[in-house]
Amino acid sequence: MIEGKAAIGETDMPVNMQEDALELAAKALDFFYVNDATEMARFIKKEFDTTYGPGWQCIVGTDFGSFVTHCCGYFIYFCIGSLAILLFQGFCCSRS
């Protein structure tokens, strides 16, 4: 597991969603090689789409810049070693 290895840079997600994001990143690291960032991003995105509704975007890599618009409460940026993961919901769905 990645407890103690992940460093959250920015987030406005509830703690339970943050924990899910870190857990899915750990699974992605187990399933895919670090140099297969596209498959890692696809895995994390699809899992969040399934669990939290459509519209999630995920970027995984060691060197990227970003400036995104996201729904309030649905953004996290964290690093595991030199690997950075940006996960956010790009449009707001009606929430019940």
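**Helix packing, core and aromatic pairs**

Ala37 counts as buried, because its relative accessibility is 18% (buried means under 20% relative accessible area, exposed over 50%, partly exposed in between, with a 1.4 Å probe and protein chains only). The model is predicted: local features need pLDDT of at least 70, side-chain atom pairs count only at pLDDT 80 or more, and totals for chains, interfaces and linings use all residues. Residues are numbered from 1 along each chain as its sequence is written, and side-chain values use heavy atoms, with hydrogens and water left out.

Ala37 sits in helix α2 (helices are DSSP runs of H or I with at least four residues, strands are runs of E with at least two, and both are numbered from the N terminus). Ala37 and Thr62 are 25 residues apart in sequence, yet their C-alpha atoms are 9.0 Å apart in space.

Helix α2 (residues 37–52) packs with helix α1 (residues 15–31). The angle is about 145 degrees and the axes are 9 Å apart (axes are lines fitted to C-alpha atoms, for helices over the stretch in contact, and angles run from 0 to 180 degrees between N-to-C directions). Residues of α1, including Leu24 and Ala28, meet residues of α2, including Ile44 and Phe48 (contact means heavy atoms within 4.5 Å).

The largest nonpolar core has 24 residues (such a core is a set of buried Ala, Val, Leu, Ile, Met, Phe, Trp, Tyr and Cys residues joined through side-chain atoms within 4.5 Å). Ile44, Phe48, Trp56, Val60, Ile85 and Leu87 touch the most other members. At least two core residues come from each of α1, α2, β2 (56–61), β3 (75–80) and β4 (83–89). The largest share, seven residues, is from α2. Beyond its neighbours within four places in sequence, Leu87 has contacts that include Ala21, Ile44, Phe48 and Trp56.

Aromatic pairs number eight (rings of Phe, Tyr and Trp, the last by its six-membered ring, pair if their centres lie within 6.5 Å; planes under 30 degrees apart count as stacked, over 60 as edge-to-face and the rest as tilted). Phe48 and Trp56 have ring centres 4.8 Å apart and planes at 70 degrees, so this pair is edge-to-face. Phe48 is buried, at 0%. Trp56 is buried, at 0%. Phe64 and Tyr77 also form an edge-to-face pair, because their planes stand at 80 degrees, with centres 6.5 Å apart. Phe64 lies in the loop between β2 and β3 and Tyr77 in strand β3, so the pair ties together parts 13 residues apart in sequence. Phe64 is partly exposed, at 28%. Tyr77 is partly exposed, at 28%. One aromatic cluster is formed by Phe48, Tyr52, Trp56 and Tyr74.
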